[in-house]
Amino acid sequence: MPDHVAGSGTLDRLVDTARDYARAAVADSTRRAYATDWAHYTRWCRMKGAEPLPPSPELVGLYIADLALPAGKSPALSVASIERRLSGLAWNAAQRGFTIDRSDRHIAAVLAGIRRRHSRPPVQKEAILAEDICGMVATLPFDLRGLRDRAILLLGYAGGLRRSEIVSLDVHRDDTPDSGGWVEIFDEGALLTLNAKTGWREVEIGRGSSDQTCPVRALERWLEFTRIDFGPVFVRTSRDGSQALEARLSDRHVARLIKRAVLDAGIRADLPEAERLKLFSGHSLRAGLASSAEVDERFVQKHLGHASAEMTRRYQRRRDRFRVNLTKAAGL
């Protein structure tokens with residue numbers, strides 16, 4: 001509370017409420033990453049004999065320059081990692097009442113030089129296409145764990161969902177405090193209401209042409225056999241895969257599931273196993289839908305929740321890049 005405001009029980013309770021809302025403004029995973037960033041920076045400052053607070057632009061500029069250099073057996077950080085680390089420092093400084101001005105020349109000029117010298121084209125994860133996803137779900141068993149993982153893969157693919165969006169789904173609205181959305185099932189398909197990065201959005205998932213690969217039917221089977229009618233849609237199972245537990249599934253399970261199913265289905269078997277594992281991640285599902293859906297680009301953009309068509313095109317791995325030929329249109 002400001003010094004000139006007299007405290008009271010009501011105001012103290014509002015302080016706690018405001019603090020809770022402020023914490024909710026940043027995802028827990030982002031908060032943990034920012035805490036790691038700050039710990040690394042303060043340790044670096046102590047090793048250099050400098051004070052981390054207040055954060056001077058000159059010192060921050062030296063810090064990011066050091067990040068761009070390899071240290072012993074540790075490689076230099078990528079440009080994206082350095083920019084993420086800088087965002088973490090700025091956030092932590094703001095929580096302590098200080099400001100890191102990224103436009104200051106001691107920071108901006110160094111960062112521009114790092115980008116110019118070390119920037120590399122983005123490495124995109126490979127798309128999981130329709131034939132791939134069919135092969136992946138065919139490798140899964142038919143116990144409860146297999147039913148759950150089949151529903152995760154098919155729903156994630158057909159919805160173009162992020163892995164965090166998949167595991168944060170609840171059966172109903174407001175079932176749990178950590179809910180990221182809920183599911184409604186109709187005769188025609190399923191409607192997902194998601195609290196995503198870009199805000200609330202609805203994702204419509206129609207029923208498929210085959211029960212074996214229909215995402216809605218897979219979801220229904222999972223909910224039916226586990227008798228889940230409240231709380232998280234996707235939960236952990238017992239070690240033998242025969243019993244559903246109460247704990248919500250971690251998004252890391254989705255990443256591990258995709259990699260394991262890719263190997264079991266023999267996708268990109270021409271490559272060594274280590275390279276195949278690097279090619280695929282949770283984003284492979286979103287890229288697969290964007291690349292496989294033969295519909296107007298606007299529908300794909302809306303489905304994925306992208307703010308621009310350009311972002312959607314980044315996900316389309318096999319789109320017709322030369323459909324519009326400006327060379328011929330210009331008369332050559």
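This is a chat about a predicted model of one protein chain.

Trainee: What should I know about the model before we start?
Mentor: The model is predicted, so local features need pLDDT of at least 70 and side-chain atom pairs count only at pLDDT 80 or more, while totals for chains, interfaces and linings use all residues. Residues are numbered from 1 along each chain as its sequence is written, and side-chain values use heavy atoms, with hydrogens and water left out.

Trainee: How many helices and strands does the protein chain have?
Mentor: The protein chain has 15 helices and 6 strands.

Trainee: What share of the residues is buried?
Mentor: Of the 332 residues, 39% are buried. Buried means under 20% relative accessible area, exposed means over 50%, and partly exposed is in between, with a 1.4 Å probe and protein chains only.

Trainee: Which residues of helix α3 are buried?
Mentor: In α3, residues 57–67, the buried ones are L59, V60, G61, Y63, I64 and L67.

Trainee: Why would residues a few places apart point the same way?
Mentor: An α-helix has 3.6 residues a turn, so residues three or four places apart point the same way.

Trainee: What covers the buried residues of α3?
Mentor: The cover includes α2, α4 (79–95) and α5.

Trainee: Take I114 in α5. Is I114 buried or exposed?
Mentor: I114 is buried, because its relative accessible area is 7%. I114 lies in α5, which runs over residues 105–118.

Trainee: What does I114 touch?
Mentor: Leaving out residues up to four places away in sequence, I114 touches I64, A65, A68, V79, I82 and S119. Contact here means heavy atoms within 4.5 Å. I114 and A65 are 49 residues apart in sequence, but their C-alpha atoms are 7.6 Å apart in space.

Trainee: And H106, where is that?
Mentor: H106 is in helix α5 too. H106 counts as partly exposed because its relative accessibility is 25%. Apart from neighbours within four places in sequence, its contacts are P57, E58 and G61.

Trainee: What share of contacts in the chain joins residues 24 or more positions apart?
Mentor: Among contacts with a separation of 6 or more, such pairs account for 56%.

Trainee: New topic. What is the volume of the largest pocket?
Mentor: The largest pocket has a volume of about 1,500 Å³. Of the 30 residues that line it, the closest to its centre are A27, D28, S29, S164 and D251. On a 1 Å grid over the protein atoms alone, a pocket is an open set of points where a 1.4 Å probe fits, with protein on both sides within 12 Å along at least five of seven lines; lining residues have an atom within 4 Å of a point. The volume is the space filled by probe spheres set on the points, which are joined across faces, edges and corners.

Trainee: What is the lining like by class?
Mentor: The lining has 9 nonpolar, 10 polar and 11 charged residues. Ala, Val, Leu, Ile, Met, Phe, Trp, Tyr, Cys and Pro count as nonpolar, Asp, Glu, Lys and Arg as charged, and the others, Gly among them, as polar.

Trainee: Last one. How many disulfides are there?
Mentor: The count is 0 disulfides, a disulfide being a pair of cysteine sulfur atoms within 2.5 Å. C45 is buried, with a relative accessible area of 0%, whereas C134 is partly exposed at 36%.

Terms used
Helix = DSSP H or I, 4+ residues; strand = E, 2+ residues; numbered from the N terminus.
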